[in-house]
Amino acid sequence: MRADAVRGHLDGLLLAVLESGPLHGYAIIAAVQLRSEGALELRTGTIYPALNRLERLGLLDSSWQSVGERRRRCYELTDAGRRSLAGERTAWNEFTTAIGSVLNPAAPPRPAT
């Protein structure tokens with residue numbers, strides 16, 4: 001899938017994979033890839049600036065945690081992040097419904113009279 005297909009939806013993707021609990025950057029990348037069945041491959045140069053921005057906006061918190069023998073920065077949703085995710089889902093459903101009704105109409109549109 002083209003990288004630009006994710007543009008505009010990255011925040012929602014990141015918030016969604018963090019909904020189930022804290023993850024570090026590489027685990028976030030792996031979760032997106034797994035959930036998309038390999039269709040979406042995010043790069044570290046894409047997600048870390050986005051994670052930092054979401055944290056500055058108060059949608060994420062982060063902390064250093066030991067993962068195996070390494071210390072990694074783990075990110076988790078705040079209450080504001082959960083509300084933002086709900087909004088992202090609503091917007092996504094409205095968007096896909098509108099696009100779907102144009103690409104796959106149930107009945108041909110009638111000309112305006």
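The structure is a predicted model, in which local features need pLDDT of at least 70 and side-chain atom pairs count only at pLDDT 80 or more, while totals for chains, interfaces and linings use all residues. Residues are numbered from 1 along each chain as its sequence is written, and side-chain values use heavy atoms, with hydrogens and water left out.

**First stop: α1 and α2**

Select residues 10–18, helix α1, and residues 25–35, helix α2. Helices here are DSSP runs (H or I, at least four residues), numbered from the N terminus. These two pack at an angle of about 100°, with their axes 10 Å apart. Axes are lines fitted to C-alpha atoms over the stretch in contact, and angles run from 0 to 180 degrees between N-to-C directions. The angle makes α1 roughly perpendicular to α2, a term covering 65 to 115 degrees. Now display L14, A16, V17 and L18 of α1 with I28, A31, V32 and R35 of α2, which make the contact (heavy atoms within 4.5 Å). By class, these residues are 7 nonpolar, no polar and 1 charged. Ala, Val, Leu, Ile, Met, Phe, Trp, Tyr, Cys and Pro count as nonpolar, Asp, Glu, Lys and Arg as charged, and the others, Gly among them, as polar.

The contact joins D11, G12, L15 and A16 of α1 to G81, S84, L85, E88 and R89 of α4. Its residues divide into 3 nonpolar, 3 polar and 3 charged.

**Last stop: the largest pocket**

Select H9, G12, L13, A16 and W92, which are the closest to the centre of the largest pocket among its 17 lining residues. The pocket holds about 390 Å³ of space. Which element gives the largest share of the lining? It is α4, with 6 residues. The lining comprises 10 nonpolar, 4 polar and 3 charged residues. A pocket is an open set of points on a 1 Å grid over the protein atoms alone, where a 1.4 Å probe fits, with protein on both sides within 12 Å along at least five of seven lines; lining residues have an atom within 4 Å of a point.

Conventions: Parallel < 35°, antiparallel > 145°, perpendicular 65-115°, else oblique. Points joined across faces, edges and corners; volume = space filled by probe spheres on them.
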